[in-house]
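Student: Let's go through this model together. Please start with the terms.

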Amino acid sequence: MPKESDFRLVESPVPRPASGEVLVQALYLSVDPYMRIRINGASSYAQSVQPGEVMVGGVVGRVVESNDPRIAVDDVVEGMLGWQKYAVAPAKTLRKIDPKNAPVTTALYVLGMPGLTAYFGLLDICHPQPGETVVVSGAAGAVGSLVGQIAKIKRCRAIGIAGTNEKVRFITQDLGFEGGFNYKETPDYTARLKDLCPNGIDVYFDNVGGSITDAVMKLLNTRARVAVCGQISQYNADRPEMGPRWLGQLVAKQAKVEGFLVHQFADRYDEGLRQLSTWLREKRIRYREDIVDGIENAPRAFIGMLEGHNIGKQLVKVG
Ligand SMILES: NC(=O)c1ccc[n+]([C@@H]2O[C@H](COP(=O)([O-])OP(=O)(O)OC[C@H]3O[C@@H](n4cnc5c(N)ncnc54)[C@H](OP(=O)(O)O)[C@@H]3O)[C@@H](O)[C@H]2O)c1
């Protein structure tokens, strides 16, 4: 588990944008599980952050200087600008955000990377059908809370697994999941899942891995689909965890397990954002943000998210 002392807050001159670049003042920083993988060199698909470098991360900010005709001063943009108050970036790497469309924080959540992950991961990897049972782990977090709601829009039964009773109340009472349980207070996950999923599990959206996933795999229906989105229970592990060998179960159930990265759907982001915006406007998708104030508190927010303190999307308000 990272410690606050692993991070340093450093002051340096504000950079100046060259031709084709803009200077952005951060409004909100995103705090995400993938950052944990990026700081121990375990990411096989992206470069690690080296000690002394600025922490990676998505940011929503306001443009204060522009040397590119595509972006004007005062435009609100989203991009991978890292944990810093001011950043220079090529205009072509930034996405313009319309603050009239939705609160700008949604560009880091429902109308951003986590929203697209839930949308494509559930619909394109799992193909949920009306009446099917969809189980999602990490259910009260940024991605999980949206997966369950999209499953419901597709007329499935949504069952969520999360780490506190308040989170379970949030997904069942506020978001309308049909059921859920707190894995930290449930001794037998399999028995609880059998209660909640009397017709078995057709779709599993896995955000966490570990023993939660081991229990779900035992209850898959014939031709079930599993999207492996993340394995957060393993990100701070000192050594690989041992578990049951459930691949045989996939043979018997003719089930499909598929890992994915949201970036593989990059050429369809417009479609995803259009649909998510419509559902948001129609209030078919609700969301909750957990906002910590001050860039100096970003490490605490990050560690808190890894420990499960957040309900919905963890963000940091800058300035
Ligand atoms: N494939 C992709 O392209 C992609 C894109 C975005 C995110 N992801 C993955 O999706 C998952 C969710 O990301 P997110 O941004 O939505 O984060 P999030 O769910 O908002 O926050 C992380 C949550 O993980 C849970 N958690 C922490 N340790 C756990 C453990 N040992 N066992 C079970 N749950 C644990 C905590 O909730 P509890 O209180 O419930 O434990 C915590 O709130 C992560 O695995 C992430 O890496 C993948």
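Tutor: Two strands pair if DSSP finds at least two bridges between them. Helices (H or I, at least four residues) and strands (E, at least two) are DSSP runs, numbered from the N terminus. Residue numbers start from 1 along each chain, following the sequence as it is written. The model is predicted, so local features need pLDDT of at least 70 and side-chain atom pairs count only at pLDDT 80 or more, while totals for chains, interfaces and linings use all residues.

Student: Fine. In what order do the six strands of the open sheet come?

Tutor: The order is β8-β7-β6-β9-β10-β11, and the pairing is parallel. β8 (179-182) and β11 (256-259) are at the edges; each has a single partner strand, so one side of each has no neighbour in the sheet.

Student: By how many degrees are neighbouring strands of this sheet turned against each other?

Tutor: On average by 15 degrees, direction ignored. Axes here are lines fitted to C-alpha atoms, for helices over the stretch in contact, and angles run from 0 to 180 degrees between N-to-C directions.

Student: Over how many bridges do β7 and β8 pair?

Tutor: Four, in the parallel sense, with β7 covering residues 157-162. One detail to look up: Gly-160 has Gly-180 in β8 as its bridge partner.

Student: Which strands does α4 lie across?

Tutor: Helix α4 (residues 165-174) lies across β7 and β8, at about 170 degrees to β8. Contact between two residues means that their C-beta atoms, placed from the backbone, lie within 7 Å.

Student: And which strands does α2 lie across?

Tutor: Helix α2 (residues 113-126) lies across β9 (201-206), β10 (220-228) and β11, and runs at about 145 degrees to β10.

Student: Staying with that helix, at what angle do the axes of α2 and α3 cross?

Tutor: At roughly 45 degrees, coming within 8 Å of each other; α3 is residues 142-153. That makes α2 oblique to α3. The scale is this: angles under 35 degrees count as roughly parallel, over 145 as roughly antiparallel, 65 to 115 as roughly perpendicular and the rest as oblique.

Student: Which residues make the contact?

Tutor: From α2 they are Pro-114, Gly-115, Thr-117, Ala-118, Tyr-119 and Leu-122; from α3 they are Ala-142, Val-143, Leu-146, Val-147, Ile-150 and Ala-151. By class, this contact of α2 with α3 has 10 nonpolar residues, two polar and no charged. Ala, Val, Leu, Ile, Met, Phe, Trp, Tyr, Cys and Pro count as nonpolar, Asp, Glu, Lys and Arg as charged, and the others, Gly among them, as polar.

Student: At what angle do α2 and α8 cross?

Tutor: Their axes cross at roughly 100 degrees and come within 10 Å, with α8 spanning residues 269-281. α2 and α8 are therefore roughly perpendicular. Gly-115, Leu-116, Tyr-119 and Phe-120 of α2 meet Tyr-269, Gly-272, Gln-275 and Leu-276 of α8. That contact of α2 with α8 divides into five nonpolar, three polar and no charged residues.

Student: New topic. In what sense do β1 and β2 pair?

Tutor: Antiparallel, over seven bridges, between β1 (residues 21-30) and β2 (residues 58-66). Gln-25, for example, has Arg-62 in β2 as its bridge partner. β2 also pairs with β3 in the antiparallel sense, over five bridges. Val-60 stands opposite Glu-78 in β3, and Gly-61 stands opposite Val-77.

Student: How many bridges join β3 to β5?

Tutor: Three, and the two strands run antiparallel; β5 is residues 95-97. Val-77 turns up again here, opposite Lys-96 in β5.

Student: Where does Leu-81 lie?

Tutor: In the loop between β3 (76-80) and β4 (86-90).

Student: Is Leu-81 buried or exposed?

Tutor: Buried, because Leu-81 has 25 C-beta neighbours inside 10 Å. A residue is buried if 20 or more other C-beta atoms lie within 10 Å of its own, exposed if 12 or fewer, and partly exposed in between, with C-beta atoms placed from the backbone. Beyond its neighbours within four places in sequence, Leu-81 is in contact with Val-24, Ala-26, Val-59, Gly-61, Ala-87 and Ala-89.
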